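This report describes a protein chain, its helices and its pockets. Look over the sequence and the model before reading on.

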Amino acid sequence: GLAAWLAAWIIRAIVQRVNEAGRFGIWNPLARDEVWFAVVGFLCALAAGALWYVLQLITPSPDQFFRWIVGLLIAAAVIIPLVLSAEVSVGIATAILHLIIGLPIISLVPAMGHKSIRDT
């Protein structure tokens with residue numbers, strides 16, 4: 001969530017500078033507020049943690065399944081805004097933010113999950 005908020009904030013700051021110059025007109029590539037992306041990132045991380053835990057319980061190779069599932073979801077979250085957005089800039093900014101939400105999830109959830117498992 002924090003990574004998504006920071007990336008959205010940076011994009012918003014750049015857009016404000018571009019809009020202040022007035023050369024390109026009024027430009028707004030973010031369809032949503034920074035807080036919305038942070039909340040979505042947080043909820044995605046919680047869902048990914050729950051998915052990782054369930055896969056640990058029911059599958060023989062949980063990390064491989066987790067990486068495939070989350071990788072496919074990240075690919076869909078990046079491609080869909082690019083294809084469906086009316087404005088190219090909005091699609092690109094949203095796709096970048098979705099990627100920034102997904103990459104920490106696919107790398108940090110399994111790493112932290114394995115660290116939290118106690119050997120018995």
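How many helices and strands does the chain have? The chain has four helices and zero strands, where helices (H or I, at least four residues) and strands (E, at least two) are DSSP runs numbered from the N terminus. Along the sequence the pattern reads α-α-α-α.

The model is predicted, so local features need pLDDT of at least 70 and side-chain atom pairs count only at pLDDT 80 or more, while totals for chains, interfaces and linings use all residues. Residues are numbered from 1 along each chain as its sequence is written, and side-chain values use heavy atoms, with hydrogens and water left out.

Of the 120 residues in the chain, 30% are buried, meaning under 20% relative accessible area with a 1.4 Å probe and protein chains only.

**Helices**

The helix α2 has 25 residues and reaches 36 Å from its first C-alpha to its last, close to the 36 Å expected at 1.5 Å a residue; the expected span is 1.5 Å times one less than the number of residues. Its buried residues are Glu 34, Phe 37, Ala 38, Gly 41, Ala 48, Trp 52 and Leu 55.

The helices α3 and α4 pack at an angle of about 170°, with their axes 7 Å apart. That makes α3 roughly antiparallel to α4 (an angle over 145 degrees). Their contact holds 15 nonpolar, six polar and two charged residues.

**Pockets**

A pocket is an open set of points on a 1 Å grid, where a 1.4 Å probe fits, with protein on both sides within 12 Å along at least five of seven lines; lining residues have an atom within 4 Å of a point. A volume is the space filled by probe spheres set on the points.

| Pocket | Volume | Lining |
|---|---|---|
| Largest | about 260 Å³ | 11 nonpolar, two polar, no charged residues |

Which residues lie nearest the centre of the largest pocket? They are Cys 44, Leu 73, Ile 74, Ile 101 and Ile 105, out of 13 lining residues. The elements giving two or more residues to this lining are α2 (34–58), α3 (62–84) and α4 (88–116). The largest share, five residues, comes from α2.

The second largest pocket is lined by residues including Gly 1, Leu 2, Gly 41, Ile 101 and Ile 105. Here α1 (2–21), α2 and α4 each give two or more residues, and the largest share, six residues, comes from α4.

Notes
Nonpolar A, V, L, I, M, F, W, Y, C, P; charged D, E, K, R; others polar. Buried < 20%, exposed > 50% of the residue type's maximum accessible area, 1.4 Å probe, protein only. Axes fitted to C-alpha atoms, helices over the stretch in contact; angles between N-to-C directions. Parallel < 35°, antiparallel > 145°, perpendicular 65-115°, else oblique.
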